[in-house]
Amino acid sequence: MSRCCRRSGVAAVAAVLALAATPLPAAAPAATASAGPPAVPSTPRFGFGKPATPQEIAGWDIDVRPDGTGLPRGRGSVAQGQRVYDEKCASCHGTFGESNDYMAIAGGVGTLAGDAPIRTTGSKLNHATTLWDYINRAMPFNAPKTLTVEEVYALTAYVLHLNDLLPADATLDRDALLALRLPNRDGFTQDHGFMTRSGRPDTRNVACMSNCAAEVRLSSEMPEHARDAHGNLAEQVRDVGPLAGAKTAAAAPARGSLPAAGPDGGELAKGNGCTACHGTASKIVGPSFREIGGRYAGAAGAEATLAAKVRSGGVGAWGQVPMPPQPQVKEADVTAIVRWILGGAR
Ligand code: HEC
Ligand code: HEC
């Protein structure tokens, strides 16, 4: 079936749902739904659509459940799976499932209870039927629903083998798949946070109906082991919203005999509310601190000029949006921030 016709299947399924109370005609025409709007109204109630045929419904009803509902009969071996995998999956997921740009699908089994859980298909799934279902409906990413039932069995076997959950000579059929018990079979809970197992769940909440907090502050946290995983977030350009990334990089090692660094201008700018309007590297309401530093670096008297501008505000140097005066900021902070800006805002 081409894409066009599957899509008209959706319309038909929707029509059946809408008309659930109306008895369906015994035999609807076969899946000949051609592209274009359905022309002949076959039901009096809404005047459009037609009942979905069993074939049309079957095309969408592909979910496979842990009890085996929806799982077609078939079989495939680890060895067969390896051949298909190397051809159709390894380019993205890596030869051993270790990831090649796209997500890893092997490794991490047994790590979920530790400090640095590694979530992969092998470590996190509770039912092998879900792996079958997912490969069947969604993979390969660039050509989903192109695999045969046999290929899906074989790939499921091979992915489990990559996770050391099936031996190399294993073959999976329907019964064998249903009989498998994955390591995380009973591990699904809602009692812990997403990143930290000790933290509170971030998705479960009870709606407040009285005496609710007047102001809600949203925040996020990052576990220690992830801090520097992607460089210093504070230096990274963010195009959306006045969000200054947290300073994540570990403190730079002291440089030889240079005097110890003074107060961190970047932190002070954040603490004094400047980062609501200035990103370190991106323009928000005002220019980025880097741009400012770039314009004035080396200019005579720049430190005094900028310090005065921070105190008294002003307009016209960067556009028509005024910078409001900031008289509340401590003199020492202004100096430190301006020096930090002129030093390149690093
Ligand atoms: C073009 C790249 C690409 C190819 C080719 C590809 N995948 Fe994927 N795969 C992905 C991406 C991207 C995701 C994550 C999708 C998402 O989260 O929505 C994914 C997710 C998965 C997952 C779920 C992992 C998890 O932890 O949830 C499995 C299992 C998987 N792929 C297996 C396969 C198999 C088997 C094949 C070969 C038939 C394949 N993939 C081919 C890109 C690819
Ligand atoms: C409400 C928004 C806002 C806040 C808060 C804000 N600024 Fe600005 N800032 C601006 C705008 C807009 C400009 C550009 C003004 C102009 O074009 O002359 C600017 C310009 C600047 C300049 C460049 C001045 C020049 O003449 O080139 C510096 C330095 C500066 N801000 C520092 C700070 C510091 C330090 C703080 C915190 C104490 C701060 N800003 C808080 C909006 C803001």
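Visitor: Which of the 27 residues around ligand 2 come nearest?

Guide: A note first: this is a predicted model. Around ligand 2, the residues that come nearest are Cys 274, Cys 277, Gly 286, Trp 318 and Met 323, out of 27. Two elements, α11 and α12, each give two or more residues to that shell.

Visitor: Which element gives the most to the shell around ligand 2?

Guide: Helix α11 does, with 3 residues. By class, the ligand 2 shell divides into 18 nonpolar, 8 polar and 1 charged.

Visitor: How do α11 and α12 pack, and at what angle?

Guide: A packing angle is read against set ranges, with 65 to 115 degrees as roughly perpendicular and over 145 as roughly antiparallel. Here α11 (residues 302-312) and α12 (residues 331-342) pack at about 125°, and their axes are 9 Å apart. The two helices are therefore oblique to each other. Their crossing is right-handed.

Visitor: Which residues of α11 and α12 meet?

Guide: From α11 come Ala 302, Glu 303, Leu 306, Ala 307, Val 310 and Arg 311; from α12 come Val 334, Thr 335, Val 338, Arg 339, Ile 341 and Leu 342. This contact has 8 nonpolar, 1 polar and 3 charged residues.

Visitor: Which residues come nearest to ligand 1?

Guide: Cys 89, Cys 92, Met 139, Pro 140 and Phe 141 do, among 19 residues around ligand 1. The elements giving two or more residues to this shell are α4 (90-93), α6 (128-138) and α7 (149-162). Its classes are 13 nonpolar, 5 polar and 1 charged.

Notes: Residues numbered from 1 in each chain as written. Chains lettered and ligands numbered in written order. Predicted model: local features only at pLDDT ≥ 70, side-chain atom pairs only at ≥ 80, totals over all residues. Axes fitted to C-alpha atoms, helices over the stretch in contact; angles between N-to-C directions. Helix = DSSP H or I, 4+ residues; strand = E, 2+ residues; numbered from the N terminus. Parallel < 35°, antiparallel > 145°, perpendicular 65-115°, else oblique. Left-handed = near helix turned anticlockwise from the far one by under 90°. Contact = placed C-beta atoms within 7 Å. Nonpolar A, V, L, I, M, F, W, Y, C, P; charged D, E, K, R; others polar. Near = placed C-beta within 6 Å.
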